[in-house]
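Colleague: I have the new model open. Walk me through it, please.

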Amino acid sequence: MSQPFIMSIDAMGGDNAPDIVIQGLEYYLKTQGADHEVMFLIHGDETQLRPLLAKAPRTTERSDVVHTELAIDMDTKPSHALRRGKGSSMWNAIESVKEQKAVVALSAGNTGALMAVSYRLLRTMVGVQRPAIAALWPQPEGMCVVMDVGANVECDASHLSEFAVMGEAYYRALFHKDTPSIGLLNVGTEEGKGNAIIKSAHERLKNSELGLDYQGFVEGNDISFGDVDVIVTDGFTGNIALKTAEGTAKLVSKFIKDSVQDSFWSKFTALMNFAGFKRLQRRLDPRRANGGVFLGLNGVVIKSHGGTDAIGFANAVGIGVELGESRFLAELERTLTALHDEDDNIGFVV
């Protein structure tokens, strides 16, 4: 049994908060809680939370409610959240990490506001130029990590190099693999492909002596069908790829559903292959990949999809538990320090 730690929860963030948040915590504790001694600080309106907690005995047993009536709306601009967000459930959840009352903060709220408040309160780790968002991506044999998926529209080669070592440390903590492989997303795998920024980042990672398993360039189809563990890109490209994949998964699911309901014979054969369809449905389920992690901050902040359900939120909780029980931040700091020292030694300037 692991040592107990505290996760800070923004109960009022998300399209269906606080109901889905409490249901997600309860689902996690019901399905995985016996193996993990995690406690929750739940930030939100106590008058709304108490009736929900009355139906969630496991969550009630493992949580304390920190009351606030303030919440940041899903359409609030980041600048407004910084000016008026103090004392809100999101702000308080992140502040608990800053004050070391919790190890991890989790919110399904407004992404821009969450990043802005996280940056304001936690700041970046020493030497980190920009925090980035890492997302999980299903592959035939498990999951890969893609970053950045939206925090940084424009990046230079040093940013991409930082993303590589941050993503590698995250993958190690989450999947317990000693040396995850790394690929740099490009328009082709040949040495001459890509713009000047991509080429510079490629040379930097290829010649690094940090012991990284850098595989070189990968293409868009390698995200889903490749065997690279960590795929590095700028936030503009990563976000478009992520939204395209989500839309494609929904389209394929619709095609399958329409096909099996097309006729009596289709329904009959689908029933005969019920177990296989259930496995397919699970593999296409975007809830399995819910939970983007802000990397590069002095604390762990996880963003759940705002429109997820209890199972999806529980998956984000699971990511938080894995990171909270690991030495993730210490290991991330170690690898970033090694990267920056190597930058100084070789005179890497972009």
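Modeller: Labels first. Helices here are DSSP runs of H or I with at least four residues, strands are runs of E with at least two, and both are numbered from the N terminus. Keep in mind that this is a predicted model.

Colleague: Fine. Where does Arg123 sit, then?

Modeller: Arg123 is in the loop between α6 (111–122) and β5. Its phi is near 60°, a positive value in a residue other than glycine.

Colleague: Is Arg123 buried, exposed or partly exposed?

Modeller: Partly exposed, because its relative accessibility is 41%.

Colleague: What about His176, which phi does that one take?

Modeller: Near 60°, again positive in a residue other than glycine. His176 is placed in the loop between α7 and β7. With a relative accessible area of 59%, His176 is exposed.

Colleague: Now the sheet. How many strands, and in what order?

Modeller: The open sheet has 11 strands, ordered β3-β2-β1-β4-β11-β10-β5-β6-β9-β7-β8. Pairing is mixed.

Colleague: Let's zoom in on β11. How does β4 pair with it, parallel or antiparallel?

Modeller: Parallel. Strand β4 (residues 104–107) and strand β11 (residues 300–303) are joined by 4 bridges. Leu106 stands opposite Ile302 in β11.

Colleague: And which way do β10 and β11 pair?

Modeller: Antiparallel, over 3 bridges. Gly292 has Lys303 in β11 as its bridge partner. β10 and β11 form a hairpin with 4 residues between the strands, and Gly296 in that hairpin has a positive phi near 105°.

Colleague: What pairs β10 with β5?

Modeller: There are 3 bridges, in the antiparallel sense. Ala132 stands opposite Leu295 in β10.

Colleague: Which residues of β10 are buried on its two faces?

Modeller: Gly292 and Phe294 on one side, Val293 and Leu295 on the other. So both faces of β10 are covered, given that buried means under 20% relative accessible area.

Colleague: Staying with β5: is Ile133 buried or exposed?

Modeller: Ile133 is in strand β5. At 9% relative accessibility, it counts as buried. Ile133 and Val293 are 160 residues apart in sequence, yet 5.5 Å apart in space, C-alpha to C-alpha. Leaving out residues up to four places away in sequence, Ile133 touches several residues, among them Thr111, Met115, Val146 and Asp148.

Colleague: On to α7. Which strands does it lie across?

Modeller: β5 (132–139), β6 (142–147), β7 (181–185), β9 (230–232) and β10 (292–295). It runs at about 150° to β6.

Colleague: How do the axes of α7 and α14 cross?

Modeller: At roughly 150°, coming within 9 Å; α7 spans residues 157–175 and α14 residues 328–346. That angle makes α7 roughly antiparallel to α14. The crossing is right-handed.

Colleague: Which residues meet there?

Modeller: From α7 they include Val165, Met166, Ala169 and Arg172. On the α14 side they include Phe328, Leu332, Leu336 and His340. By class, the contact has 9 nonpolar, 3 polar and 4 charged residues.

Colleague: And α13, what is its angle to α7?

Modeller: About 100°, with the axes 8 Å apart; α13 covers residues 310–325. The two are therefore roughly perpendicular. Tyr170, Ala173 and Leu174 in α7 meet Ile319, Glu322 and Leu323 in α13. That contact counts 5 nonpolar, no polar and 1 charged residues.

Colleague: Last one. Why does Ser88 count as buried?

Modeller: Because its relative accessibility is 2%. Ser88 is in the loop between α4 (78–84) and α5 (89–98). Leaving out residues up to four places away in sequence, it touches Thr68, Leu70, Ala71 and Ile72.

Notes
Residues are numbered from 1 along each chain as its sequence is written. This is a predicted model: local features need pLDDT of at least 70, side-chain atom pairs count only at pLDDT 80 or more; totals for chains, interfaces and linings use all residues. Side-chain values use heavy atoms; hydrogens and water are left out. Axes are lines fitted to C-alpha atoms, for helices over the stretch in contact, and angles run from 0 to 180 degrees between N-to-C directions. Angles under 35 degrees count as roughly parallel, over 145 as roughly antiparallel, 65 to 115 as roughly perpendicular and the rest as oblique. A crossing is left-handed if the near helix is turned anticlockwise from the far one by less than a right angle, and right-handed if clockwise. Contact means heavy atoms within 4.5 Å. Ala, Val, Leu, Ile, Met, Phe, Trp, Tyr, Cys and Pro count as nonpolar, Asp, Glu, Lys and Arg as charged, and the others, Gly among them, as polar. Two strands pair if DSSP finds at least two bridges between them. Buried means under 20% relative accessible area, exposed over 50%, partly exposed in between (1.4 Å probe, protein chains only).
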